[in-house]
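Hi,

Here is the structure I promised to pass on. Have a look, and then read on for my notes on its pockets.

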Amino acid sequence: EPPENMEVDYQLLGPLPDGTLQQIMVVAAGKKLIESYMAVFKEAKLSLQAIDAKPASVGRAIVGANEKEGILLLDITSTMSTVSIYEHGSIWVTGFVNSGGNVIRDEDTGEVLPAAEQQSAIKRLVSSIADEVDHVLKFYHNRSVGQGKVKEIRVSGGGSLIDGILDDLKKTVDLPVQIGKATITVPSFCDRRFFGALGSALYVAYETD
């Protein structure tokens, strides 16, 4: 999207170690996308408090407020996988893989692939995710003003429910891999497919605390 079609916001993360510069997280989204969200809330006669970046909302849902070390969030949806470092209530760096759980389906028909093809597709996806995890960690360690230590990977998203994907991840990446769990009590149906929505619902409680 050209810049004139984007809405841009930012958050100060803190000064660099020498105190000369500030590190800033910048978030951009298409104006049409934001307008579509606003229209939905207007039609429902609801007050829109904020439009949240999904990595931040996932972190809010599955990272405890008192956790000191950074957590690498891996959110695997049907079409995209997002890799983020979450520390002290903020996203410090985010990367993307333009592939997700739909790799186990035929691109044209949407039908589930045969088992052998699924396994190959999952391995390719995991390899791409592992590469992006490595890139994000290197950027975080080299450029971040955070503590520079990442405890583990926490996985969310519907794509992470695919059989075998977590096992392949554990064999491929160097960090411990855990299934993300909500930090508050939620109904049993609110599994890791819905952590983005859960974190957005917690926005007011956390951001105004």
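Which helices and strands each supply at least two residues of the lining of the second largest pocket? They are strand 2, helix 2, strand 5 and helix 3 (115–143), where helices (H or I, at least four residues) and strands (E, at least two) are DSSP runs numbered from the N terminus.

Before the rest, some housekeeping. This is a predicted model, in which local features need pLDDT of at least 70 and side-chain atom pairs count only at pLDDT 80 or more, while totals for chains, interfaces and linings use all residues. Residues are numbered from 1 along each chain as its sequence is written, and side-chain values use heavy atoms, with hydrogens and water left out.

A pocket here is an open set of points on a 1 Å grid over the protein atoms alone, where a 1.4 Å probe fits, with protein on both sides within 12 Å along at least five of seven lines; lining residues have an atom within 4 Å of a point. Volume is the space filled by probe spheres set on the points, which are joined across faces, edges and corners.

The largest pocket holds about 1,200 Å³ of space. It has 31 lining residues, with Ala50, Ile51, Asp52, Ala53 and Lys54 closest to its centre. Strand 1 gives the most to this lining, 5 residues.

The second largest pocket has about 510 Å³. Its lining counts 25 residues, and Met25, Val26, Ile91, Val93 and Thr94 are nearest the centre. Strand 2 contributes the most there, with 7 residues.

Happy browsing!
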